[in-house]
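Please read them with the structure open.

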Amino acid sequence: MKSSSWFLLLFLTGAALAQNKPAAGLIIRNAKVWTVDRSHPEAAAIAILGDRIVAVGSDAEIDAWRGPATHVLDVSGKRLLPGFNDAHVHFTDGGAQLDNVQLNDATSSQEFARRIAERAAKTAKDEWLLGGDWDETKWNPAQMPTKELIDPVTPTTAVAVNRYDGHMIRANSLALKLAGITAQTPDPAGGVIVRDAQGNLTGGLKDAAADLVYKVIPLPTHKQRRHSIERALEHAASLGVTSVQHMNPDYADIAIYNELLDEGKLTTRIYAAPLITQVDDQVKIGIKRGFGGPYLRIGALKAYADGSLGSATAYFFEPFADQPGNRGLLSDEMHSISLMRDRMMSADSAGLQLCTHAIGDAGISTILDLYAEIEKAHGRADRRWRVEHAQHMAAKDFDRFAELHVIASVQPYHAIDDGRWAESRIGHDRASRTYAFRTFLDHGVRLALGTDWNVAPLNPMLSLYAAVTRATLDGKNPNGWFPEQKLTVKEAIEAYTLGSAYAEFQDKEKGSITAGKLADMVLLSEDVLNIDSAKIRDVRVLKTWVGGKLTYDAEGRP
Ligand SMILES: [Zn+2]
C-alpha cells in the first residue's frame with residue numbers, strides 16, 4: 001500500500017492499524033465521484049465495509065482493499081454522489097398520494113369519470129376514493145366537473161377528489177350524504193359549498209367547505225398507514241433519496257418506522273419532527289436533538305408561524321399587492337405569541353431542536369425575534385434552529401439569520417412553481433427577496449434543501465434543476481426568475497446532502513462521501529455536474545445504496 005493512502009485509514013482504531021486491514025465488502029470503481037467533502041472533492045473509487053465508507057481514492061488505491069469475497073462493481077465512468085437528504089417531507093401523505101387515483105393529466109371530463117370509475121371498482125367498500133389533482137383547464141370545454149359525472153359509477157364508494165391547487169374538492173353524492181351536507185347547509189366561514197343556478201349541490205366544495213367532508217373521512221388504519229410508508233420508502237429509494245426529515249408526523253407514523261426498523265425494512269433514514277403542540281411529551285422523557293440511531297431519530301419539533309402564499313395567508317409587513325386589505329395571518333399556534341414563546345423556551349431548555357414554518361416576511365421576522373429571545377435567556381449553544389421555507393425575506397433579516405446561526409430549510413421547486421404568479425401577489429420588490437438562495441449564501445447562512453413532498457415532487461433532480469435554472473414551469477422565464485438567486489449545481493448538491501445532514505445534527509455521520517461516514521450513495525444516468533442545466537431534470541437514478549446496501553437498482557430489484 002502506498003503511504004499516501006494511509007490517511008484514508010484514519011477512522012480505524014490504533015488496534016486495527018497494527019494488524020492487516022480487513023478487506024472491503026464492496027468496492028465501487030471507475031466512477032466519477034463528487035464527494036461533497038471539500039478536503040477531497042473528487043475520486044474514482046470507494047471501498048465499503050459493513051455500513052460505512054472505509055476509503056475514497058483512485059482505482060489503484062482502492063484496489064488495495066480487495067479481498068477474495070469483495071464484491072467489485074465497475075460503474076463505467078458514471079457520476080456517483082452522496083445520497084440526497086430531503087430536509088422537509090410529509091412522507092406518509094406522499095406515499096398515500098402515490099396510491100391515489102391520478103387525474104391531473106386527464107384531458108377530458110369523460111376521462112376524469114372513466115379513471116374514477118376504474119378506481120372505484122378496485123376500492124374496498126368503506127374506503128374513500130381520494131386525491132386526484134384534477135385540472136379542468138386541460139379539458140375542452142374547460143368546465144368544472146359535477147357530481148353527476150361520477151355518481152353513476154360510484155354508487156357505493158365515497159369520492160372526494162381535489163383540484164390540483166388544493167383549494168377545491170369534488171365530492172360525489174355519497175360523500176356529501178356522509179358529511180351531512182344538503183342544499184340547505186350554509187357556507188362555512190372561509191369556504192363555499194358550490195351550488196347550481198337552482199341552488200342544487202354540484203359536489204364542489206371550496207377551501208374550508210372541504211373540511212366538512214374531510215372530517216368524516218376515517219383515519220387510515222395501521223395497515224393503510226404502513227402501506228403508504230412502504231410505498232414512500234420505495235419511491236425515495238428509486239430517486240436516490242437516502243434520508244428524509246419528516247415534518248409534523250403523527251405518532252402513529254413514528255410507530256410504523258419503529259416497526260419497519262425492527263424488521264430491517266427501513267430503507268431510508270428518517271428524522272421525525274412532531275408538532276410543537278406536543279412538546280411536553282418529548283420534554284417528559286428527556287429526549288434531545290438527534291436522539292436515536294442511524295435509521296431513525298427524533299428530538300426536533302415542527303412549529304407553524306403563518307400560512308402560505310398561494311392561499312394569501314402568509315404573514316407580511318405590508319398587504320398583498322392583489323389584496324389591499326390583507327397582509328396574511330399568524331397561525332393558530334401563534335395566538336398568543338407568548339404561548340409559542342413558552343413552548344419554544346421549554347423545548348430549548350430540554351435540548352430539543354426547533355423547525356419553524358415561516359413564509360411571509362413578518363412571519364419569519366417574528367420567529368427570528370423569538371429565537372433571539374431564547375438565545376438571550378439561555379445563552380449561546382449549537383442549536384441549529386431552522387426556518388422552514390424562509391420564502392419571502394425582509395432585507396434586514398438576512399444578517400439576523402446569520403447572527404443567530406439559523407438554517408434556511410428551502411424547497412427550490414416551489415420557486416419555479418410559485419414563480420409563475422408570485423410577483424402579481426407581492427410585487428417586484430418583495431419578489432426579489434423570494435426564494436433568495438444566493439443572498440442567504442452570501443450572508444453566510446446555511447441552506448438545507450428539500451421538496452415539501454407531497455406538496456412538490458420528491459425527485460431531487462427537479463429540485464436541482466429548479467435551484468440551478470430558476471426557469472418557471474410556465475416556460476416564461478427560460479433564463480431564470482430573479483436569475484441572480486441561482487445556485488450552481490455543486491452548491492445545490494452540497495445543500496441537499498451535507499447541508500441537510502447538518503440541519504439534523506448528522507453532518508459527521510453522513511452528507512458526504514468520506515471515509516468513516518455511512519455508505520449512502522446514488523449513481524446517476526448522466527453527469528449532472530457537466531450537462532446542460534435544462535437537462536438536469538431528465539437525469540435518472542441507476543442505483544441507490546443506504547448503509548452500503550443496494551436499495552434501488554434501475555436494472556431490477558436489488
Ligand atoms: Zn411542509
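Leaving aside its neighbours within four places in sequence, which residues is Phe 91 in contact with?

1. Phe 91. Contact here means heavy atoms within 4.5 Å. With neighbours up to four places away left out, Phe 91 is in contact with Ile 229, Ala 232, Leu 233, Ala 236, Val 244, His 246, Tyr 257, Ile 270 and Trp 453.

2. Basis. This is a predicted model, in which local features need pLDDT of at least 70 and side-chain atom pairs count only at pLDDT 80 or more, while totals for chains, interfaces and linings use all residues. Residues are numbered from 1 along each chain as its sequence is written, and side-chain values use heavy atoms, with hydrogens and water left out.

3. Overall dimensions. The radius of gyration of the protein is 25 Å, which agrees with the value near 24 Å that a compact globule of 558 residues would have. The radius is taken over C-alpha atoms, and the globule rule is 2.2 Å times the number of residues to the power 0.38. Along the principal axes, the C-alpha trace spans about 85 × 55 × 50 Å.

4. Secondary structure and contacts. The protein has 18 helices and 26 strands. These are DSSP runs numbered from the N terminus, helices being H or I with at least four residues and strands being E with at least two. Of the contacts between residues at least 6 apart in sequence, 71% join residues at least 24 apart.

5. Burial and surface. Buried residues make up 54% of the 558 residues. Buried means under 20% relative accessible area, exposed means over 50%, and partly exposed is in between (1.4 Å probe, protein chains only). The protein exposes about 23200 Å², of which carbon and sulfur atoms supply 52%. Accessible areas come from the Shrake-Rupley method with a 1.4 Å probe, and for residues only the protein chains shown count as cover.

6. Charge. There are 62 positive and 70 negative side chains, and the centres of the two sets lie 3 Å apart. Lys and Arg count as positive and Asp and Glu as negative, with His and the chain ends not counted. Each charge is placed at NZ of Lys, CZ of Arg, CG of Asp or CD of Glu.

7. Nonpolar cores. A nonpolar core is a set of buried Ala, Val, Leu, Ile, Met, Phe, Trp, Tyr and Cys residues joined through side-chain atoms within 4.5 Å. The largest has 102 residues, and those with the most contacts inside it are Phe 91, Phe 401 and Val 528. Helix H12 (residues 361–378) gives the most to this core, with seven residues. A second, separate core has 18 residues, including Ala 31, Val 33, Ile 53 and Val 75.

8. Leu 260. This residue is in helix H9 (residues 251–262). Leu 260 counts as buried because its relative accessible area is 1%. Beyond four places in sequence, its contacts are Arg 226, Ile 229, Glu 230, Leu 233, Lys 265 and Leu 266. The C-alpha atoms of Leu 260 and Arg 226 are 8.8 Å apart, at a sequence separation of 34 residues.

9. Trp 34. Strand E2 (residues 32–34) holds Trp 34, which is buried at 12% relative accessible area. Its contacts beyond four places in sequence include Pro 41, Glu 42, Arg 79, Lys 490, Ile 513 and Leu 529.

10. Backbone points to check. Most residues other than glycine have a negative phi, and most peptide bonds are trans. The bond from Asn 140 to Pro 141 is cis, with omega near 0°, and Pro 141 is in the loop between strand E10 (129–134) and helix H5 (147–150). The bond from His 335 to Ser 336 is also cis, with omega near 5°; Ser 336 is in the loop between strand E19 (300–304) and helix H11 (337–349).

11. Positive phi. Asn 30 has phi near 55° and lies in the loop between strand E1 (26–29) and E2. Its relative accessibility is 29%, so Asn 30 counts as partly exposed. Val 36 has phi near 65° and lies in the loop between E2 and strand E3 (42–43). Val 36 is buried, with a relative accessible area of 6%.

12. Pro 145. The loop between E10 and H5 also holds Pro 145, which counts as buried at 2% relative accessibility. Not counting residues up to four places away, Pro 145 touches Phe 112, Trp 134, Glu 136, Trp 139 and Arg 170.
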